[in-house]
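Let's take a walk through a protein model together. Keep the picture open beside the text and find each place as we come to it.

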Amino acid sequence: MATTHWLGDPPAEHDPLTAWALSRLAATVAEDARLDAVVEIACEEREFEPELGGRFGAGTTGGPAPRRPGGTRTFRLDGVSPALLREEDSDEPWAVLFDPARLIRGIGAVTRAECGEGYVELALVPHPLFADPADGWLPPGARGLVVRLDPGTGLLSSATLHDDRGPLATARVHELSVHDVRSSAEAGWVVARMARTLVEPVRLTADVAVEVDPHEDLAFTGGPSARSWTVSAGGRELTVTGDYAPDATSPSAARLAELLAPARIVSHLAHVTAVSATSVRAGVRPLRTFPFSAWAPDESLTCAFTVDQETGVLVRAEATAAAEEGGRVVFRHVVTALGARRSG
């Protein structure tokens, strides 16, 4: 099923197509439908279970890893709702096909982006720090994941996980029927803009007012990167990169980094609604504890984000507690000045 989406037709060139595809994946957070489908998942047999958990994986202890059996399973799905998959943060092996925005946070690079007849094919490499070691399709130790994205629906028609020996598992959608489509283009535009920061280089300076934050440690200086900025916050100036180490960065400094590169937040969101042409309000997926998001760490929070359309930087971010907890503001950062990086 391939129809024109409000993002427009996929561009032909690699870099614009990569940004478009990430935007399309993110827009699914603001969309829902009722789906019927048949999904076939085929696994290749391996002598030993591959260790794909990366730095944070449990690994294998106490002897050789068990054999990974091969085989094919078929799932017949009736009335699947992508919104419900996000609400439950479903771990069904086919869930990634109908909730592809969950992939964004774990992407380290898009090494290939090509247009085909009615699809866009992407070759994704996992990020060693942000990819989830428990993810069945893009764990940090994988060689890569190749997906085919339907431009009209934003759903994946196939996904193939690769390890060092080649294709390890493939999921394919057959007999897809899409009913009762609902979407918010206004909300979709905002999360799409956030997602593009994953592949857009930028170097900026900013003044940030940390109006509410229970953490005080801002001691984070990132190395030079394609997406970095010099921030003045709390009377201090520090260099921040969006590619920070989530296990070695204080929460407050991580929130500054996620203002810069908000693509890392998109996978954690659910129930996204537009507040304006540049702002959204959203809930947080349950159990989204890894990969960690400094802005959406708990499902009891409601988040609000305002994006700068030119750079993708969040110029205002806020997280509030649930109404039964008083609806208090837990975090609020506001960018009061944003400009080109100072020379020298």
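We will visit the pockets and then some salt bridges.

This is a predicted model, in which local features need pLDDT of at least 70 and side-chain atom pairs count only at pLDDT 80 or more, while totals for chains, interfaces and linings use all residues. Residues are numbered from 1 along each chain as its sequence is written, and side-chain values use heavy atoms, with hydrogens and water left out.

Start with the largest pocket, which holds about 990 Å³ of space. On a 1 Å grid over the protein atoms alone, a pocket is an open set of points where a 1.4 Å probe fits, with protein on both sides within 12 Å along at least five of seven lines; lining residues have an atom within 4 Å of a point. The volume is the space filled by probe spheres set on the points, which are joined across faces, edges and corners. This pocket is lined by 47 residues, and P133, A134, D135, G136 and W137 are the closest to its centre. Its lining takes at least two residues each from β1 (31–43), β2 (71–80), α3 (95–98) and β7 (166–183), and β2 gives the most, with 3. Helices (H or I, at least four residues) and strands (E, at least two) are DSSP runs, numbered from the N terminus.

Now find the second largest pocket, with about 290 Å³ of space. Of its 17 lining residues, T197, L198, R227, D243 and R264 are the closest to the centre. Strand β3 (residues 107–116) is the biggest contributor to this lining, with 3 residues.

Next come the salt bridges, of which the structure holds 18. Each is a side-chain nitrogen of Lys or Arg within 4 Å of a carboxyl oxygen of Asp or Glu. In one of them, the closest N and O atoms of R285 and D99 are 2.8 Å apart. These partners sit 186 residues apart in the chain, R285 in the loop between β12 (279–284) and β13 (302–307) and D99 in the loop between α3 and β3. Are R285 and D99 buried or exposed? Both are buried, meaning under 20% relative accessible area, whereas exposed means over 50% and partly exposed lies in between (1.4 Å probe, protein chains only). R285 and D99 also belong to a salt-bridge network with D89 and R102.

For another setting, look at D164 and R143, whose salt bridge has its closest N and O atoms 2.8 Å apart. Both D164 and R143 are exposed.
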